[in-house]
Amino acid sequence: MVTTAPDTLIRTNLDFLRRHPPFDRMEAEALHFLGERLATAFYPADSEILMPEDGPPSFFYIVYRGKVQARQVGGVAVTEYATLTLGPGEGFPIGAISAGRPSTNGYLAVEDTYCFQLPAADFLHLQEISPSFQLFCTRYIASLLNQSREQLQIQFSQRAAEQQTMTTPLSSLIKKAPVFVPPGLSTRTALEKMVEAGVGCMAVAGDDDKPVGVLTQSDILKRIVLPGFDLARPIADVMTAPPHTLGCNASAYDAALEMATHGVRHILVVDAEDKLKGVISERDLFALQRIGLRQIRSSIESAADVQALQRASQDIRQLALNLLAQGIGAEQLTQFISALNDALTRRIIELNLDRHDLYGVEYAWLAFGSEGRHEQTLSTDQDNGIIYVLPEWADKEPLKLRLLEFARDVNNDLASCGFPLCTGNIMASNPDLCLTIDEWRERFGTWIREPHPEALLNATIFFDFRVLFGDEKLAYRLRHWLLSMTGGNPAFLKAMATNALDVSPPLGKIRDFVTDDDPKYPGTIDLKKFGARLFVDAARVLALRTGVEATSTVQRLRQGGGRIGMPAEELAAMADGFHFIQLLRLRHQHLDTDHGAPGDNRVKPDDLNELDRRILKEAFRQARKIQLRLKLDYQI
Amino acid sequence: MSWLSRLLPSSGPGLSPEQQASLATITRHRSPDLGRSHFETRYVVVNAESRPMDGGGQRLIGVGAVAINRGLLHPAESFRAELLTAPADALLGLLHFIARAPLVVYNAPFNQGILERGFEQNLGSVPALEWLDLMVIMPSLYPERIAGQASMDAWLSAFGIDRPDRHDAVLEALAVAQLHQVALARAKAQGLNTPQDLLESQTSRKWLRGS
């Protein structure tokens, strides 16, 4: 049977669509509906494809080959705010065609470009028959995010396997190929091999790979060193035989039981043919039990000293890595990290209170900056301070000294638990940051009255304060006072808004992204400075303007944006954009630098997969949207 | 017209009454206005598939065609036929699909030659159609890309068009059609707004080259 010509061409269309989200997961029937209705048009470089003055668009376009630039047209257009490049697989104008209104953007081909065109009526029908496409159109960024998360899950399923429970099969716990020697080998050579491989347990197996015995580090002292065993004799004479073995499908729990029953620390894992597959040690199992959320939390709360907390702090990192690899979203992930870090900090404070008597003192330990916003990544240093009340009858100097000594110990303990001392000395042990409530008001008030650049910079750090330990009421009073000062102060808000607009999203006019031209970091984008900060700064202005008490960026956006009448879907898209950038930062810090190197925030867009690049682009577009709002509101 | 047709009986291949009726409806198609703009015109890109014959020369075994209607390529507007079993019906089908639209080929001496021979042999006559040859037109439209005569592959890669599967006449026609879309964009920019303009430009170009 000969394929008809239309079938051949439809298949060509489908082959293309299947390579690009969201079409790659579109329902088969809907995809076919789309594939047979797409016409192809050619647009030479520098020609217009769709302009606002064309009225409601007749077609939905999908870039097939080439590059299309979306330009915002109209009064508020400022070049760097107004362009976005679309590449193969990307569609436009989703909003305008869904709403049947003229496009707000002009679309131009910046290269010779082929576009697929779908008549508007078919576009609307496609939304009806394809739930996935409808979701894509209504929650563009959210649906891409889901997809990216799933991809990540697949990509890191290997690592995800490390976050396991005691029901995990031993086969997925084995980290490396087994090290073993033949029974006839001299004990000396066997011991040398043990040292060389860095293993605490040497398996002995025959030519058929079937284990016949085992020698562990603890055996060496008792059986070799003390009795003066002749090292020239074969290892078979000194090994434990037969060894304890379990099949690959046995669970971690089985292994723990076996170890407990027989008082051994290693189990040899064999396959169905009894061939040696690997060695599981007691330590491997400990790691499993330790790195659960609840376990970490209880180990923090019951920690007796800083050493125990140091271990917990490493576990927090490991947990974060595992959760990341499982594709957990940035919002939950940062909440986990934040909750555990809070618990850790509280425990450090409690431990120090045993040595520093602050009984009867009204005070609170404050977190600033990203910690204050619940948005810590794992490479953030300390930003903290103290707020306290000076009783009328008390002398200020001695009380402050006591607080500072206490703070210094806490700061040092935090540092030893993986929160580096702040290079800018934004720490509670700094006398400038251990202040009474009146002094804090005085400090904040000066910045608000005279918003010079340094004052504004301070505001971006200190206005995000939050209580980690102590008297919540103190912070509550300070916050209320602060919001009453800023809410009715357009001049200060405008200065903050201007400051927030200092940096614009790194979206390119021709290329997708503008990367850093610093020769030290070619092709990278600093996702803190050119990503997260854009949302954080804009959200802070919203919060200060509308009296939102929350410090987290997303809460500020949702509540503050809602109070000035921004639609919930728009705010949700912005939150998604922010979360994605946070996720990329976390992923970069954990996965790409998981050899313990200090994570930075520089991500190479070229290293991202196509999907993530598109989401990143969309996330930046969301940043641009909220910046645009600030520009309009404050006439900047 | 060709040496081959002279050797064959000139009385025609003996079409059935239905086939003759079908041929007659084709001739009643209104001939298109070649003075309208490209984007109001329906072009048909045709691509012949052939096989070497034992005695030398090529034998037409199939044809693929894709229309560019008002500048757009649409999967429904395409045609494929095999000529091995019922060549007359296949070619009648092609002529119905063409509907007297101006034709576009890459390499007319081959495509036009072999198709016209096919029409003559199987339908007894060669329909009068307008043929545009991108092999001739492209270098005059895009001299900055490729100055002289070049292979189809060279033009496809110059515009990043995927190389088609050589054994599928429709996919090859699709590639030529995408190339023709590129040609139309530049033709318009050069003031060659209609099929008529392109045909005239092609004639002068051929004349200049002395072919």
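This report describes strands, helices and a chain contact in a predicted model.

## Basis and confidence

Residues are numbered from 1 along each chain as its sequence is written, and chains are lettered from A and ligands numbered from 1 in the order in which they are written. Because the model is predicted, local features need pLDDT of at least 70 and side-chain atom pairs count only at pLDDT 80 or more, while totals for chains, interfaces and linings use all residues.

The average pLDDT (the predictor's confidence in each residue, from 0 to 100) of chain A is 86, and 91% of its residues score at least 70. Residues 75-81 of chain A have a pLDDT below 50; this stretch has eleven contacts in the model beyond near neighbours in sequence. Two residues are in contact if their C-beta atoms, placed from the backbone, lie within 7 Å. Residues 158-163 of chain A also have a pLDDT below 50, with eleven contacts beyond near neighbours in sequence.

Helices (H or I, at least four residues) and strands (E, at least two) are DSSP runs, numbered from the N terminus. Two strands pair if DSSP finds at least two bridges between them. In chain A, three strands make an open sheet with the order 9-10-11 and mixed pairing. Strand 9 (180-181) and strand 11 (211-216) of chain A each have a single partner strand, so one side of each has no neighbour in the sheet.

Strand 10 (residues 201-205) of chain A runs antiparallel to strand 11 of chain A, and five bridges join them. Opposite Val204(A) stands Gly213(A) in strand 11 of chain A. Helix 8 (residues 187-197) of chain A lies across strand 9, strand 10 and strand 11 of chain A, at about 130 degrees to strand 10 of chain A. Axes are lines fitted to C-alpha atoms, for helices over the stretch in contact, and angles run from 0 to 180 degrees between N-to-C directions.

Strand 12 of chain A and strand 13 (residues 266-270) of chain A run parallel and are joined by three bridges. Gly247(A) has Val270(A) in strand 13 of chain A as its bridge partner.

## Helix packing in chain B

Helix 5 (residues 134-141) and helix 7 (residues 169-189) of chain B pack at about 40 degrees, with their axes 10 Å apart. This makes the two helices oblique; angles under 35 degrees count as roughly parallel, over 145 as roughly antiparallel, 65 to 115 as roughly perpendicular and the rest as oblique. Among the residues that meet are Leu134(B) and Ile137(B) in helix 5 of chain B and Val176(B) and Leu179(B) in helix 7 of chain B.

The axes of helix 3 (residues 87-98) and helix 4 (residues 108-123) of chain B come within 9 Å and cross at roughly 125 degrees. These helices are therefore oblique to each other. Pro87(B), Ala88(B) and Leu91(B) of helix 3 of chain B make the contact with Gly118(B), Phe119(B), Asn122(B) and Leu123(B) of helix 4 of chain B.

## Contact between the chains

The contact takes 22 residues from chain B and 19 residues from chain A. On the side of chain B that touches chain A, strand 3 (72-82) and helix 7 of chain B each supply at least two residues. Strand 3 of chain B gives the most, with nine residues.
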